[in-house]
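Dear colleague,

Please find below the structure that I am handing over to you. My findings follow it.

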Amino acid sequence: MSLFTAVEMAPRDPILGLNEQFNADTNPNKVNLGVGVYFDDNGKLPLLACVQAVEKQMTDAPKPRGYLPIDGVAAYDSAVKGLVFGADSEPVTSGRAVTVQGIGGTGGLKIGADFLKKLNPTAKVLISDPSWENHRALFQNAGFEVDSYAYYDAAKRGVNFEGMLASLNAAAAGTIVVLHACCHNPTGYDITAAEWDQVVAVVKARNLTPFLDMAYQGFGYGIKEDGAVIGKFVAAGLSFLVSTSFSKSFSLYGERVGALSVLCESKEEAGRVLSQLKICIRTNYSNPQIHGATVVATVLNTPELRAQWESELGEMRVRIKAMRQKLVDGLKAAGVQQDMSFITSQIGMFSYSGLSKDQMVRLRNEFGVYGTDTGRMCVAALNSKNIDYVCASIAKV
Ligand code: PLP
């Protein structure tokens, strides 16, 4: 009998487990469309030129590494706040928005969850059905009961918007609603601007607590365009939370660069909120890392580098869109009878392909094409070399 005899083996993470299986696969044609990572047309993880430029500056003028303040790199926090709300926007100039550095977008979500749990311990959390794998467990681990609101309609190949509104209308006041600000993961289906207006109206009327997860700003239509939804919540006079991730938009996955922003009613209130966010951070990991946040802050705060970033991000966005079209055309050419054009109406890095679990398992086992059992494929991992093979494999299943 050891101290840990009673410890049970936890299930493997569905996505990371798929990665392990992919790495062990000896099929020379294997393609990994499982994990949400952007690869360039050569199948390589990009290291952006704007990032390299800053890292060169950093090695040319090396700096000592003292502790950061609890809320992170000040220049980073203010740059992220500007990106989320608009640099000259009222929430920023009035001082009623606060932004703290987080350990990736996940860290931003977790700080927000811990803060909300202390604020309203009995609130429930609603996430979309389906949602990013980690949302449910993250909020459960923060102590919340997590339920879902209707979102995906498989038969319609789109959003069950009526169902979504009905779920939100039925939620108790104070319910925390986790909304994907853009590029919904895993379905690839976003609601329209007019539908967002209706969601904002229900959130306001029902007194719900909106928590916007923005992990893909710039991957949909552009940085400003994707951020427009934030402006709708601001215009409605709501207080809300936003988590930001730069994992994908800066291709800085392993540096864990993210943030949490909270829009408060006044500057004075923002000061109190910030003091509580700092306690959440301090008691979890004390203070964040220097490197990634310094890179992102320098890019965002240097006009030439920022322009370079926007252009590099634009290239990623355009390439994903081109791959969506190639996928649709390639499937048709490979003999798929069904109309697959819905793939081009999806947005962001993922496509809910509509393939069944059996088909996804066959794709993996017989062809070495890896997506999740739910039929989700990462379109951002397709390239001019693997697309024909992927289309032919899908046609065969
Ligand atoms: N939220 C959503 C919707 C995501 O898809 C992801 C990453 O896949 C995250 C949050 C987490 O981002 P990060 O890797 O920066 O923690």
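The notes below turn to the domains and then to one helix.

Please bear in mind that this is a predicted model.

The protein is divided into domain 1, residues 14-47 and 306-396, and domain 2, residues 59-302. Their C-alpha centres lie 27 Å apart. Contact between them involves 24 residues of domain 1 and 24 residues of domain 2. On the side of domain 1 that touches domain 2, at least two residues each are supplied by helix H1 (14-24), helix H12 (303-333) and strand S11 (350-352). H12 gives the largest share of that side, five residues. Sorted by class, the side of domain 1 that touches domain 2 has 14 nonpolar, six polar and four charged residues.

Helix H13 spans residues 357-367, and Met360, Leu363 and Arg364 are buried in it. These three lie on the same side of H13 because they cover an arc of only 90 degrees around the axis. Asp358, Asn365 and Glu366, by contrast, are exposed on the other side of H13. The cover over the buried residues of H13 includes strand S12 (369-370) and helix H14 (387-396).

Phenylalanine 367 also lies in H13. This residue counts as partly exposed because it has 19 C-beta neighbours inside 10 Å, whereas a buried residue needs 20 or more. From C-alpha to C-alpha, phenylalanine 367 is 27 Å from serine 345, and the two are 22 residues apart in sequence. Glycine 368 follows H13 and has a positive phi, near 70 degrees.

With kind regards

Note on methods. Residues numbered from 1 in each chain as written. Predicted model: local features only at pLDDT ≥ 70, side-chain atom pairs only at ≥ 80, totals over all residues. Buried ≥ 20, exposed ≤ 12 C-beta atoms within 10 Å, placed from the backbone. Helix = DSSP H or I, 4+ residues; strand = E, 2+ residues; numbered from the N terminus. Arc of directions from axis to C-beta. Contact = placed C-beta atoms within 7 Å. Domains from an automatic or database assignment. Nonpolar A, V, L, I, M, F, W, Y, C, P; charged D, E, K, R; others polar.
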